[in-house]
Amino acid sequence: MKILHTSDWHIGSTFFGKKRYDEYHKFFTWLLDFIQQNEVDALLVAGDIFDTSLPSNTAQNLYYSFLVDLQKTPCKHVVLTGGNHDSPSFLNAPKDLLKSFNIHVAGAMPQNLEDEIIRIQKNNEEAIILAVPYLRERDLQDIAITDSFETRAEKIISAIEDHYAKLTELALTKKNPNSPLIAMGHLYIAGSHLEDENERELYIGSLAQISASIFPKELDYVALGHIHSAQKIAKTEHIRYCGSPLAMNFSEKKFAKKMFLLETGSSLKIQEIQVPEFQITKKICGNLSAIQEEIEKLKILDQSVWLEIEYHGQEGITLKDTLFDLVKGSKIEILKFKNQKITSQYHHNELIQENLEELTPDIVFKKYILNDTANSEEKNFSDETKQELLTCYHEILNHLQEQDSNE
């Protein structure tokens, strides 16, 4: 049996203000073709199917059209789990209807633990999938808002570990001896590599610093989502993030986008599948001459290219206008621009180095609180006060994030 592990589609996301529906259409076309050509039997999507809790009509159409087209391929089983970006109620709304097509949805932790155990079969083969979605704090037991930050973090770790332990124990009583046991999850495991230092960490996993040791040893594979770069965890072969198929920012372009194809048998074989780039994005650094040379090369391609430009020269010109003139009439668009000459003159103001598109509320708050060079005495907080403020702010944002706007 062949099982494909993917996650973090973020359907409906934008890239520095650019809509990406065409990119998603190309991705789903490629994915359907890959599943057809490789005779994939089951598809696992480990959270963050959509980018927001209220996806647009176009985003929804892309999602449902893909699920319909999937019925024409050898893939007869789909398991979709909710992520922190997803609305549990929105994902679960068509749950019963989709189940009739062997499309299993776990938008949030169910009341009945058995509902997270999905049995997929092909001929005489069987695999058991533990469809664990993003575990919101409200889903976990015995965690009080009045608990201290440290106490709540400890309880979160214990509750998540207990959830996987009980689920695994229950699944072992139901599976055949030779059936692989595959768990899904959408959380941050301590030590995971983040592609972007500004990648938001306001979710349960980062606050609790969850270790890979929470996963029971009986699991044959752990299909993770949430981190956007493909990677093995804790030097293991069987605990992996597959990453997002599309880059969410320019920094993610440094690493190839991947999925993992699992093949059952006497042992579980894991194959890395590289996802093509559906929209050319490129970062160019250097002085005006070097940048101009690279742009001229890209013009020859006669293809849509999204650019990040980092200028390191000293020319005293109206630089931005000059660069936009260089791409005028072509299919090249400059989406991000940073002038290192200007940035170096304002090194004391960290915000000058950021694009507005990249600034989250968390980043702005951290820079304000941690900025020791600020002239205002109001910002000269003690280290203890800074930590208390950050902790309170994280808790507020976590609370807002976990509210389901579709309920």
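These are my notebook entries on one predicted model.

**Entry 1: the whole chain**

I began with the totals. The chain holds 407 residues, and buried ones account for 51% of them. I counted secondary structure next and got eleven helices and 17 strands.

**Entry 2: confidence**

I checked pLDDT before going into detail. The chain average is 84, and 77% of the residues reach at least 70. I marked two stretches. Over residues 344–354 the pLDDT stays under 50, and the model gives this stretch 13 contacts beyond four places in sequence. Residues 372–377 also stay under 50, with five contacts beyond four places in sequence.

**Entry 3: the sheet with S1**

I traced an open sheet of six strands, ordered S6-S5-S4-S1-S13-S14, and recorded its pairing as mixed. Which are the edge strands? I found strand S6 (103–106) and strand S14 (269–274), each of which pairs on one side only. On average, neighbouring strands of this sheet are turned by 20 degrees against each other, with direction ignored.

I looked at one pair within the sheet. S13 and S14 run antiparallel and are joined by six bridges. I picked out Phe-260, whose bridge partner in S14 is Glu-272.

Then I listed helices packed on this sheet. Helix H1 (residues 21–37) touches strand S1 (2–6), S13 and S14, and its direction makes about 20 degrees with that of S13. Helix H2 (residues 57–70) also packs on the sheet, where it touches strand S4 (42–46), strand S5 (77–81) and S6. The direction of H2 makes about 155 degrees with that of S5.

**Entry 4: the sheet with S7**

I traced another open sheet of six strands, in the order S7-S8-S9-S10-S12-S11, and its pairing is mixed. Strand S7 (117–122) and strand S11 (231–232) stand at the edges; each has a single partner strand, so one side of each has no neighbour in the sheet.

Here I looked at strand S9 (residues 181–186) and strand S10 (residues 221–225). The two run parallel, and five bridges join them. One residue I looked up was Met-184, which has Ala-223 as its bridge partner in S10.

**Entry 5: Lys-257**

I located Lys-257 in the loop between strand S12 (239–241) and strand S13 (258–263). Is Lys-257 buried or exposed? I read a relative accessibility of 8% for Lys-257. The cut-off for buried is under 20%, so Lys-257 counts as buried. I also looked for a side-chain partner: Lys-257 and Ser-244 have their side chains joined by a polar contact of 3.0 Å.

**Entry 6: Gln-141**

I found Gln-141 in the loop between strand S8 (125–130) and helix H5 (149–172). Its relative accessible area is 57%. Exposed requires over 50%, so Gln-141 is exposed. Last, I took the C-alpha to C-alpha distance from Gln-141 to Ser-158, which is 9.9 Å, for two residues that are 17 apart in sequence.

Conventions:
Residues are numbered from 1 along each chain as its sequence is written. This is a predicted model: local features need pLDDT of at least 70, side-chain atom pairs count only at pLDDT 80 or more; totals for chains, interfaces and linings use all residues. Side-chain values use heavy atoms; hydrogens and water are left out. Helices (H or I, at least four residues) and strands (E, at least two) are DSSP runs, numbered from the N terminus. Buried means under 20% relative accessible area, exposed over 50%, partly exposed in between (1.4 Å probe, protein chains only). A polar contact is a pair of N or O atoms within 3.5 Å; within protein, one must be able to donate a hydrogen and the other to accept it, and residues adjacent in sequence count only if both atoms are side-chain atoms. Two strands pair if DSSP finds at least two bridges between them. Axes are lines fitted to C-alpha atoms, for helices over the stretch in contact, and angles run from 0 to 180 degrees between N-to-C directions. Contact means heavy atoms within 4.5 Å. pLDDT is the predictor's confidence in each residue, from 0 to 100.
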